[in-house]
Amino acid sequence: MIDMFDLLKALILGIVEGLTEFAPVSSTGHMIIVDDLLLKSKEILTEPVANTFKVVIQLGSILAVVIVFKDRFIDLLGLNRKKHSANENRLKLGQVIVGLLPAAVLGLLFEDFIDEHLFSINTVIYSLVAGAILMIIADIVSRNKPQINTIDKITYKQALGVGLFQCIALWPGFSRSGATISGGVLLGMSHRAAADFTFIMAVPVMAGASFLSLLKNWQYFSMDVLPFFIIGFISAFVFALVSIRFFLKLINRIKLLPFAIYRIIIAIIIYIVFL
């Protein structure tokens with residue numbers, strides 16, 4: 001039976017998810033660290049439901065993205081009443097789909113392997129460091145490379161390239177935004193343009209992952225766990241809404257290096273203290 005102390009754990013996990021989902025530090029990695037080492041939600045929900053919670057809670061963050069980018073999504077779906085010139089360069093739905101395909105295919109093929117073998121403290125430590133290295137490389141390369149400053153100038157080739165980088169983020173702890181923003185920068189985008197494209201792609205990816213995880217583990221659920229999921233969803237939404245706006249204002253100024261340093265420090269602390 002879920003009690004108030006358990007709901008406080010759901011609130012904390014939602015806050016962790018909302019604050020870290022769109023920063024390149026890995027929300028899944030942080031949730032695994034906070035949960036496995038401190039909150040122990042598996043003891044409340046059972047392991048399949050707890051792992052599903054860590055995925056489904058991202059729906060709160062998805063809703064925040066949809067609100068922040070609502071005009072862009074309306075445009076992509078062809079619902080904008082304003083007529084654009086046929087020659088005007090605009091981000092197209094086809095480019096988003098091309099960016100989604102690589103991770104969607106690999107995610108379906110390796111979902112069971114990821115759930116069984118990669119949701120652990122050890123793998124998160126390795127992926128935090130590996131992601132930090134990629135981010136540092138991206139920042140170094142971007143210094144002497146001309147960049148496009150808007151997602152409306154992205155090519156299909158760049159969209160596919162970012163999609164391939166997104167595949168790395170199937171490794172829990174690597175960070176979807178860290179992989180795709182780094183990939184976008186390496187492929188010639190500004191940090192802000194890469195971040196915008198990352199967030200737009202995140203909506204169908206995260207929604208699909210949540211749906212599949214729910215479908216797979218539906219038999220383990222009961223009405224008792226519903227309040228846990230609702231509290232986590234709401235807190236993730238509220239804190240993601242704040243963190244997205246803050247991150248987008250900041251990313252072109254500070255770039256990826258501070259996040260890379262943070263990831264390495266966190267990995268070292270976890271290794272020394274807990275392993």
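Q: Are F199 and F247 buried or exposed?
A: Both F199 and F247 are buried. Buried means under 20% relative accessible area, exposed over 50%, and partly exposed in between, with a 1.4 Å probe and protein chains only.

Q: What ground rules apply here?
A: This is a predicted model: local features need pLDDT of at least 70, side-chain atom pairs count only at pLDDT 80 or more, and totals for chains, interfaces and linings use all residues. Residues are numbered from 1 along each chain as its sequence is written, and side-chain values use heavy atoms, with hydrogens and water left out.

Q: What does the protein chain average in pLDDT?
A: The average is 87, and 96% of the residues score at least 70. pLDDT is the predictor's confidence in each residue, from 0 to 100.

Q: What kind of pair do F69 and F199 make?
A: Their ring centres are 6.3 Å apart and their planes sit at 80°, so the pair is edge-to-face. F69 lies in the loop between α5 and α6 (70-76) and F199 in helix α11, so the pair ties together parts that are 130 residues apart in sequence. Both F69 and F199 are buried.

Q: And what about F199 with F247?
A: That aromatic pair is tilted, at 5.9 Å centre to centre and 40° between the planes. F199 is in helix α11 and F247 in helix α12, so this pair ties together parts 48 residues apart in sequence.

Q: Which residues form one aromatic cluster?
A: F22, F69, F199, F247 and F259.

Q: How many residues has the largest nonpolar core?
A: It has 46 residues, and those with the most contacts inside it are F22, V65, V96, F197, F199 and I200. α11 gives the most to this core, with ten residues. A second, separate core of 19 residues includes V16, L39, V49 and F53. A nonpolar core is a set of buried Ala, Val, Leu, Ile, Met, Phe, Trp, Tyr and Cys residues joined through side-chain atoms within 4.5 Å.

Q: What does I200 touch?
A: Leaving out residues up to four places away in sequence, I200 touches F69, R72, F73, L76, L91, V96 and I151. Contact means heavy atoms within 4.5 Å.

Q: New topic. How many residues of helix α10 are buried?
A: Eleven of its eleven residues, 176-186, are buried. What covers them includes α5 (58-68), α8 (121-142), α9 (156-166), α11 (191-217) and α12 (226-254). After α10 comes G188, with a positive phi near 105°.

Q: Where is Q95, and what does its side chain reach?
A: Q95 sits in helix α7 (residues 93-117). Its relative accessible area is 3%, so Q95 is buried. The side chain reaches the backbone nitrogen of K92 at 2.8 Å. A polar contact is a pair of N or O atoms within 3.5 Å; within protein, one must be able to donate a hydrogen and the other to accept it, and residues adjacent in sequence count only if both atoms are side-chain atoms. Among the residues that Q95 touches are Y156 and F197.

Q: What lies 2.8 Å from a polar atom of the S243 side chain?
A: The backbone oxygen of G18. S243 is in helix α12 and counts as buried, at 13% relative accessibility.

Q: Last one. What is phi for T46 and for K255?
A: Phi of T46 is near 80°, and phi of K255 is near 60°. Most residues other than glycine have a negative phi. T46 is partly exposed at 39% relative accessible area, and K255 is partly exposed at 30%.

Note on methods
Helix = DSSP H or I, 4+ residues; strand = E, 2+ residues; numbered from the N terminus. Phe/Tyr/Trp six-rings, centres within 6.5 Å; stacked < 30°, edge-to-face > 60°.
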